[in-house]
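Visitor: Hi! Could you walk me through this one while I have it open?
Guide: Happy to, let's have a look together.

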Protein chains: 2
Amino acid sequence: MRAELSPSLRWKVICAYDGTSFAGWQSQVGGRSIQDVIEARLSEVAGGLVRIHGSGRTDAGVHALAQVFHFDLPWKHAPERLRAALRVNLPAGLQLKSVRPVPATFHARFSATGKRYSYRIYLGDADPFLRPFVWSIERPTAPRIDAMIAAAERLRGRHDFAAFSANNGAANQDTVRTLRRLEIRKKGRHLTIIAEADGFLYKMVRSLVGALVSVGWGKLTAAQLSQFLASGVRTAAVETAPPQGLFLEKVFYQGGATGTAPVQDE
Amino acid sequence: MRAELSPSLRWKVICAYDGTSFAGWQSQVGGRSIQDVIEARLSEVAGGLVRIHGSGRTDAGVHALAQVFHFDLPWKHAPERLRAALRVNLPAGLQLKSVRPVPATFHARFSATGKRYSYRIYLGDADPFLRPFVWSIERPTAPRIDAMIAAAERLRGRHDFAAFSANNGAANQDTVRTLRRLEIRKKGRHLTIIAEADGFLYKMVRSLVGALVSVGWGKLTAAQLSQFLASGVRTAAVETAPPQGLFLEKVFYQGGATGTAPVQDE
């Protein structure tokens with residue numbers, strides 16, 4: 001099936017945003033969410049209300065290098081012209097990186113096979129240009145990176161991650177996920193944690209980061225993280241890292257395609 | 001003279017700020033200038049109004065990596081404790097990098113022997129994280145860097161730069177300056193212009209950048225820039241580059257000291 005023949009053409013958009021400028025991804029009263037801003041512009045272009053469907057929500061303050069959403073709109077011109085039209089009057093904190101037609105079977109959320117996040121920590125007094133994009137931690141001693149790496153090893157793989165999420169009272173939710181990557185990289189004062197999974201629970205990355213940082217400063221042990229994981233219960237010992245260090249880096253789709261390439265026909 | 005013996009101790013502060021967050025350097029009705037924010041905090045610490053004196057003003061949107069100011073305050077504790085006290089409740093867009101005692105003869109503005117600015121241009125659609133810090137120029141063709149470099153050569157040295165400033169009606173102002181450096185660097189899509197002089201006129205860096213960029217795209221020639229310089233008159237052909245690409249990088253003081261080291265006793 002060629003997408004161009006669909007009566008209602010489906011579009012996949014990859015966008016980047018500075019989370020500092022918005023009230024999170026999801027539509028809000030007041031209209032200052034990323035979804036609100038995009039839908040407002042899209043509805044102007046379409047001449048009527050058009051809803052967008054994101055790969056998932058991001059909280060206020062969380063950034064995206066390549067968030068993905070889709071919407072349906074009949075459009076007879078080149079995709080580049082649609083992107084040009086949608087870009088008009090968008091706030092500077094939001095960028096539409098690509099706008100491409102996809103088959104009607106594509107769904108930004110349900111077709112996703114995984115996601116990758118990065119979390120950025122600065123060990124010291126971050127300068128004003130870095131502060132909105134890191135968790136800035138000023139402590140007289142350095143964290144024990146080897147301990148953090150050992151703890152991350154226990155968290156990788158297929159587990160019930162209920163202890164590392166904010167459940168929001170959804171008791172019947174499936175909280176088993178496969179954490180394919182959980183890497184810790186240090187370069188000078190910059191500490192980056194990369195997390196990749198088939199999916200993430202609410203506040204899961206920030207909970208994993210909070211726990212790993214506690215291990216780094218000896219407030220928790222790797223063994224305790226294993227116990228939390230096995231318990232399936234969130235405890236106050238697991239801190240949630242602040243939102244501004246978190247970046248949605250990539251959404252994966254079937255066909256080996258990443259967030260930066262269009263999905264193949266299904 | 002040891003600074004510690006001064007009846008009124010003079011302090012030199014080096015600060016960095018994201019110009020996006022403030023209404024410029026200079027005190028404003030409404031109090032959202034950098035000077036206002038610092039003076040408000042300083043006056044709390046001092047228990048009474050204390051004025052600060054900057055090396056010069058920066059316009060709204062212009063950033064600083066190392067702006068310098070001084071103030072007078074008797075203080076019996078360690079300089080680091082003064083810095084710690086001043087940092088409390090400062091907005092995230094402003095950072096006090098160092099707070100050091102200086103001789104009473106030091107003046108942030110009148111003692112300065114020069115300044116260095118950088119101006120950052122992005123050739124393309126800058127992502128949301130870069131946009132507040134560059135002049136983002138989207139054009140189908142690339143600028144002619146060799147032409148820009150040749151034009152910069154004509155601007156370097158001791159000249160009357162009246163044609164490259166916004167005069168503000170100060171007719172009797174001395175507009176002769178020595179432009180010690182004017183360099184153009186290109187790395188991929190990033191174009192950086194470095195300007196260093198014994199002093200700068202109002203909007204001089206942004207006017208030089210605007211003119212050089214016009215040369216890059218063949219709208220002006222190097223010979224025309226020489227003519228403008230000789231005329232001493234500002235023309236509409238010289239565009240002013242937008243503020244957000246401009247960074248105050250360093251203020252130089254006597255004794256070879258830079259903005260990042262304390263001045264020597266005089």
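Predicted model: local features only at pLDDT ≥ 70, side-chain atom pairs only at ≥ 80, totals over all residues.

Visitor: What area do domain 1 and domain 2 of chain A bury between them?
Guide: About 1,100 Å², with 58% of it on carbon and sulfur atoms. On the domain 1 side, Asp59(A), His63(A) and Leu65(A) supply 45% of the area buried against domain 2, more than any other three residues.

Visitor: How many salt bridges and polar contacts cross the interface of the two domains of chain A?
Guide: There is one salt bridge across the interface, and eight residue pairs are in polar contact there.

Visitor: Which residue does Arg206(A) form a salt bridge with?
Guide: Asp59(A), with the closest N and O atoms 3.3 Å apart. The whole structure has 36 salt bridges over all chains. The Arg206(A)–Asp59(A) pair links distant parts of the chain, 147 residues apart: Arg206(A) is in helix α4 (residues 204–216), and Asp59(A) is in the loop between β2 (53–54) and β3 (63–72).

Visitor: Is Arg206(A) buried or exposed?
Guide: Arg206(A) is buried, because its relative accessible area is 9%, under the 20% cut-off. Asp59(A) is at 21%, so Asp59(A) counts as partly exposed.

Visitor: Switching topic, which residue of chain B meets Asp125(A) in a salt bridge?
Guide: That would be Arg87(B), at 3.4 Å from N to O. This pair crosses between chains, from the loop between β5 (112–123) and β6 (135–137) of chain A to helix α2 (residues 79–87) of chain B. Asp125(A) is buried at 17% relative accessible area, whereas Arg87(B) is partly exposed at 27%.

Visitor: And what does Arg10(B) pair with?
Guide: Arg10(B) forms a salt bridge with Asp72(B), and the closest N and O atoms are 2.7 Å apart. Arg10(B) lies in strand β1 (residues 10–17) and Asp72(B) in strand β3 (residues 63–72) of chain B, so the pair ties together parts that are 62 residues apart in sequence. Arg10(B) is buried, with a relative accessible area of 14%, while Asp72(B) is partly exposed at 30%.

Terms used
Residues numbered from 1 in each chain as written. Chains lettered and ligands numbered in written order. Heavy atoms only, no water. Buried area = accessible area lost by both parts, 1.4 Å probe. Salt bridge = Lys/Arg side-chain N within 4 Å of Asp/Glu carboxyl O. Polar contact = N/O pair within 3.5 Å; in protein donor to acceptor, adjacent residues only side chain to side chain. Helix = DSSP H or I, 4+ residues; strand = E, 2+ residues; numbered from the N terminus. Buried < 20%, exposed > 50% of the residue type's maximum accessible area, 1.4 Å probe, protein only.
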